[in-house]
Amino acid sequence: MSDHIGHWIAGRTVVNGGETGPVFNPATGRQSGCVEFATVSEVDRAVQAAKDAFPGWRGMSVARRAELFFDIREVFLRRREEIARRVTAEHGKTLTDALAEVVRGLEVIEYCCGIPELLKGEYAEQVSTGVDVHSVRQPLGVCAGITPFNFPAMVPMWMWAPALATGNTFVLKPSEKDPSAPAFMAELLREAGVPDGVFNVVHGDREAVDVLLRHRDVAAVSFVGSTPVARYVYETVTLQGKRCQALGGAKNHMIVLPDADIDMAADAAVSAGYGSAGERCMAVSVVVAVGGVGDALVDAIRQRIPKLTMGNGAEQVDMGPLISRDHRARVAEYVERAPAEGATVVLDGRSSTPGTDGFFLAPSLLDEVKPGMRAYDDEIFGPVLSVTRVGTFEQAVRLVNDNPYGNGTAIFTRDGGAARRFAQDVQAGMVGINVPIPVPAAQFSFGGWKNSLFGDTHIYGREGIKFYTHGKVITSRWPEPSSSKVDLGFPETR
Ligand code: NAD
């Protein structure tokens, strides 16, 4: 939204006049501004600001931090549309979708308003004679977050809200493709009363990330993005003995059993496959038609697609453009290659895309897609829905479990027993039963399995609180000095 986006360090915008990257409005295809790229010096300044702010922030009473979170909630709620407009202008998703992402992020802020309860430790009296034990959770220090382009507001909120609530300070490195929303959120945090230096933003690409990953004053790193970068971030950070949660890409399967309501399943597949132009890590990208359901399901999906409207996300449309011209070309290639690989192109979005300068690509539908084809093996991250046909429920589960990704999956059926078996046996972190995009509510945690998550802690919810804190257990005794004696034995409790 702004022409020149600077870093946010110690409560103010920092512009160094050095290297910048272009920011586009994907709906027009025109450059709308540019964003500063941080060098070692700006990353150092941001980490130092966070380090300086840490003692005051962690020393603040939990009651006061909770009160501040209520204020943050008020500011973000009141100004949610302004955040959403920035998302739409640089990402391209519809304003409704952008608002929904802000509201899902707000739910994490609301969860953090309960931080006094979430941080509360345990106490056990008289574990041994005259000995009591209590546990606390304490902040790590300066935490860093690196986020993807597809949720420029919500994913940073998944990170900074629990990090700040637990008493850490934060440096965010958002995607360089749509940096305005995270830059604006920094101003909103200041407006809500968060002290300077507690939340900082540095923009840039790999260079800025590399400095953060190896910075000796950064205690932990949260990452969300593609699998190759997630793996690299996880390996680099953990090699230094630091904690890291790195969420990667996805290939989400939606299983449709023969007893499912076809219209309901088709509505869900179209919504979850083409919503946000398929640029969601929880998008359905493969519909698995089980038994004889394939023909009717493909037909039902095909009939719905022409009714979808596509255009500038700021207007009343169902679907906006893709993030960039390059990405659009990459997605279109999967449709181009599909027939040679043996798939059937039921609808070719390339032919129904109006000629504009925007990065638009209309929905495509592929049938008879199988493992080994590029359209099946790769995360396409665009409006291309593939249908794979299998004979049985067991084959469908095996297909999901053999996939290297394990983010989300869903099953559509009226059979409660089959749904329960699916939930039990399927190897994915988030499972929907007649729910196509099972993003967990804020009181749970978000995370996949296999190549969709490196590390063992999911993001936000209780696991987020755990990730951003050290556990500490204090054993105490207040004996009469007269009972003191030397005893070299290992302390027993009985
Ligand atoms: P990306 O991996 O290209 O970029 C993510 C972040 O890493 C950005 O801030 C980027 O600047 C930085 N980065 C890029 N290349 C880097 C490199 N070589 N070294 C260090 N840093 C680098 O991802 P993207 O294209 O912005 O986002 C889309 C991807 O994110 C998809 O794969 C999607 O599935 C995934 N995603 C996953 C989740 C999840 O929760 N699992 C959520 C949203 C998006």
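Student: How many residues lie between β6 and β7 in their hairpin, and which turn residue has a positive phi?

Tutor: Good place to start, and keep in mind that this is a predicted model. There are 2 residues between β6 and β7 in the hairpin, and the turn residue with a positive phi, about 75°, is glycine 130. Most residues other than glycine have a negative phi.

Student: How many bridges join β6 to β7, and in which sense do the strands run?

Tutor: Strand β6, residues 123-128, is joined to strand β7, residues 131-139, by 3 bridges, and the two run antiparallel.

Student: Which strand is joined to β7 by 9 bridges?

Tutor: That is strand β23, residues 469-477, again running antiparallel to β7.

Student: In what order do the strands of the open sheet with β1 come?

Tutor: The order is β1-β5-β4, 3 strands in all, with mixed pairing. The edges are β1 (4-5) and β4 (20-25), each of which pairs on one side only. β4 pairs with strand β5, residues 30-36, in the antiparallel sense over 6 bridges. Within that pair, proline 22 has cysteine 34 of β5 as its bridge partner.

Student: What is the phi of lysine 450 near?

Tutor: It is near 50°, also a positive value in a residue other than glycine. Lysine 450 belongs to strand β21, residues 449-450. With 18 other C-beta atoms within 10 Å, lysine 450 is partly exposed.

Student: On to the overall layout. What are the domains?

Tutor: The domain assignment gives domain 1 as 3-248 + 452-474 and domain 2 as 252-433. Taken over C-alpha atoms, their centres are 31 Å apart.

Student: How many residues of each domain are in contact with the other?

Tutor: The size of an interface is often given as the accessible area lost when the parts come together. Here we can count residues instead: 19 from domain 1 are in contact with 22 from domain 2. On the domain 1 side, helices α3 (80-91) and α4 (95-112) each supply at least two residues. By class, that side has 6 nonpolar, 9 polar and 4 charged residues.

Student: Why does the ligand lie between the two domains?

Tutor: Both domain 1 and domain 2 give residues to the shell around the ligand, so it lies between them. The shell has 28 residues, and the closest are Pro148, Gly225, Ser226, Gly249 and Cys281. α8 (206-214) and α9 (227-239) each contribute at least two residues to the shell. Sorted by class, the shell has 13 nonpolar, 10 polar and 5 charged residues.

Student: Which members of the largest nonpolar core touch the most other members?

Tutor: They are Val171, Leu212, Val221 and Val233, in a core of 92 residues. Helix α6, residues 154-165, gives the largest share of this core, with 10 residues. There is also a second, separate core of 65 residues, including Ala265, Leu347, Met373 and Ile411.

Student: What is leucine 212 in contact with, leaving aside its neighbours within four places in sequence?

Tutor: Its contacts are Val43, Ala144, Val171, Lys173, Val218 and Val221.

Student: And tryptophan 160: in which helix does it lie, and what does it touch?

Tutor: Tryptophan 160 lies in helix α6. It counts as buried because it has 32 C-beta neighbours inside 10 Å. Not counting residues up to four places away in sequence, tryptophan 160 touches Gly145, Phe170, Leu172 and Phe199. As a further distance to check, its C-alpha atom is 14 Å from that of alanine 219, 59 residues apart along the chain.

Definitions and conventions:
Residues numbered from 1 in each chain as written. Predicted model: local features only at pLDDT ≥ 70, side-chain atom pairs only at ≥ 80, totals over all residues. Pairing = 2+ DSSP bridges. Helix = DSSP H or I, 4+ residues; strand = E, 2+ residues; numbered from the N terminus. Near = placed C-beta within 6 Å. Nonpolar A, V, L, I, M, F, W, Y, C, P; charged D, E, K, R; others polar. Domains from an automatic or database assignment. Core = buried A, V, L, I, M, F, W, Y, C linked by C-beta atoms within 7 Å. Buried ≥ 20, exposed ≤ 12 C-beta atoms within 10 Å, placed from the backbone. Contact = placed C-beta atoms within 7 Å.
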